[in-house]
Amino acid sequence: MPIATTTEAAFRPVYLAACTETLKRALAHAPFYQSWRALDPGQDVPAARRFAALPVTTKRDLRRHMPHGFTHRPVELKAALAMGEVELVSTSGTTDDRSSVLWHQPWWDASERAAAGLHAGLAEVLARAPHEAVLTNPLCGATVCHVGDLPMAERTLGRLLFLNQQPDPNRWTPAECDRMIDELNRFQPELLEADPAYLAILAHYAVAHGRTVHAPRFITLTYEFPARVQLRQIRRAFPGVPLVSSYGSTETGHVLTVCECGTFHQNTASCHIDFQPLSSAHNQPRTGRILVTALNHPWLSLVRFETGDLVRLADTGNGGRRSVAAADINAPCSCGRNEGLTVAAIAGRTRDLTFTTTGVAVTVDQLDATTEEIANLLSYRLEQTTRDAYTFRFVSEAGAEARVQTAAVEPLTRLYGPDARVTARRESFIAPEQSGKFRLAQAQFAWEQERMFGA
Ligand SMILES: [Zn+2]
């Protein structure tokens with residue numbers, strides 16, 4: 001099976017050494033990876049080829065074998081957990097895919113610092129340890145996230161202010177929106193880190209009610225796919241503030257961060273990434289899933305972890321090819337950074353793929369791109385109910401419902417196929433999932449995620 005993997009030529013020796021060391025100690029000492037040893041082509045083989053020969057670590061594996069299966073120091077772990085040297089924290093996600101992971105704060109902090117270094121302006125601001133406000137689901141796992149009413153002082157941890165106390169932002173009252181805007185204006189953060197779905201709702205409120213919101217130096221968007229309609233609302237409330245997207249998870253640390261030129265770069269200080277394209281039937285060789293290996297973690301051994309997300313590689317000028325060769329993975333970027341994977345876009349979750357009427361995969365990013373043609377749209381979810389039937393649930397600006405209902409059908413039919421049966425249905429709100437994340441698309445019939453990749 002021809003699966004592309006990262007090329008060794010574009011990496012520094014220190015990175016390759018970290019890859020080799022991570023593989024060595026995981027295969028030698030982490031109980032979960034004992035059964036992988038027989039598949040390892042051996043230490044004389046370049047790390048990239050060794051990674052490519054190994055299976056995938058799934059969220060289900062984490063649920064079943066964390067923590068002892070995923071540490072290369074199983075004998076010392078109990079004492080280290082008791083002393084607080086390492087912690088076991090819950091990851092975000094639905095009940096089904098919620099798990100726990102070994103958490104070492106210094107490793108996380110180093111990963112975060114290295115990721116910020118991938119964006120020149122952001123690194124400069126972070127170096128000053130600035131005031132930073134956080135707007136996410138309050139169940140995000142951080143220690144001072146909280147559901148319920150707490151005064152601002154109790155939601156402030158040093159330079160950090162946690163704004164939200166409500167699991168569903170659709171339920172924010174005008175008083176809560178005003179409180180968050182007032183707190184931003186008092187706290188004057190230089191950075192605002194936000195889940196784009198949540199910030200879009202607050203931004204829409206601010207614009208609709210004529211509220212001026214403090215403009216931070218940067219807004220970093222993370223936690224979930226930033227939909228174009230959300231970006232539109234955020235830009236209206238924060239005109240001129242640069243939006244910096246970053247991608248990571250509780251399990252993997254910070255994985256990809258957008259540079260000042262708009263390209264996502266791999267955080268090679270703390271992770272290795274294997275890229276597996278969608279199978280050729282889907283005709284998008286530069287889109288695929290990423291399997292992330294945590295590097296330099298003193299406690300956690302996590303190799304080729306299936307994050308559940310898709311990326312679209314930056315174009316190297318070989319876009320017409322049917323497959324991605326190893327050398328095509330490090331596209332040049334005008335920022336000058338040349339190490340690791342370069343990614344044009346996070347394409348959404350694998351489980352949120354939908355399909356054209358002929359069965360070709362449509363990523364959340366492709367679906368989302370069609371919404372640029374739909375004016376006055378505030379939020380949406382596309383539900384594919386059968387192989388050729390699609391329901392576009394949407395919320396629009398007041399008074400624009402009928403216009404959006406009509407405007408949505410044509411671009412969606414173009415995307416899914418001339419025989420697609422598209423129905424647009426207005427809603428008063430789109431609810432988040434139990435995890436607090438918003439699902440933009442869903443195919444409501446059985447299909448196998450694992451069969452989407454490889455030849
Ligand atoms: Zn760049």
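R236 is partly exposed, because its relative accessible area is 45% (buried means under 20%, exposed over 50%, partly exposed in between; 1.4 Å probe, protein chains only). The side chain of R236 meets that of E397 in a salt bridge, 3.3 Å from N to O (a side-chain nitrogen of Lys or Arg within 4 Å of a carboxyl oxygen of Asp or Glu). The pair links distant parts of the chain, 161 residues apart, with R236 in helix 9 and E397 in the loop between strand 18 and helix 11. Helices (H or I, at least four residues) and strands (E, at least two) are DSSP runs, numbered from the N terminus. E397 is partly exposed at 23% relative accessible area.

The model is predicted; local features need pLDDT of at least 70, side-chain atom pairs count only at pLDDT 80 or more, and totals for chains, interfaces and linings use all residues. Residues are numbered from 1 along each chain as its sequence is written, and side-chain values use heavy atoms, with hydrogens and water left out.

The structure holds 31 salt bridges. In one of them, R128 and E190 meet at 2.5 Å, N to O. R128 lies in the loop between helix 6 (120-126) and strand 3 (132-135), and E190 in the loop between helix 7 (174-187) and strand 6 (191-194), so the pair ties together parts that are 62 residues apart in sequence. R128 is partly exposed, with a relative accessible area of 42%. E190 is also partly exposed, at 23%. Another salt bridge joins E383 and R393, whose closest N and O atoms are 2.9 Å apart. Here the pair ties strand 17 to strand 18, with E383 in the former and R393 in the latter, 10 residues apart in sequence. E383 is buried, at 8% relative accessible area. Salt bridges that share partners join R228, R312, D365, D368 and E372 into one network.

E383 also has a bridge partner in strand 20, Q442. Strand 17 (residues 377-386) and strand 20 pair in the parallel sense over 3 bridges; pairing requires at least two DSSP bridges between two strands. An open sheet of 4 strands runs in the order 19-18-17-20, with mixed pairing. Strand 19 (421-426) and strand 20 (441-443) stand at the edges with a single partner strand each, so one side of each is left without a neighbour in the sheet. Neighbouring strands are turned by 15 degrees against each other on average, direction ignored. Axes are lines fitted to C-alpha atoms, for helices over the stretch in contact, and angles run from 0 to 180 degrees between N-to-C directions.

The largest nonpolar core has 33 residues (buried Ala, Val, Leu, Ile, Met, Phe, Trp, Tyr and Cys joined through side-chain atoms within 4.5 Å). Helix 1 gives the most to this core, with 6 residues. Y33, W36, M66, F70, L300, L302 and V303 have the most contacts inside the core. Beyond its neighbours within four places in sequence, L302 is in contact (heavy atoms within 4.5 Å) with residues including Y33, F70 and V292.

M66 and P67 are joined by a cis peptide bond, with omega about 5 degrees. P67 is found in the loop between helix 3 (59-65) and helix 4. N296 has a positive phi of about 60 degrees although it is not a glycine. T22, in helix 1 (residues 13-29), touches N296 among other residues. T22 counts as buried at 3% relative accessibility, whereas N296 is partly exposed at 45%.
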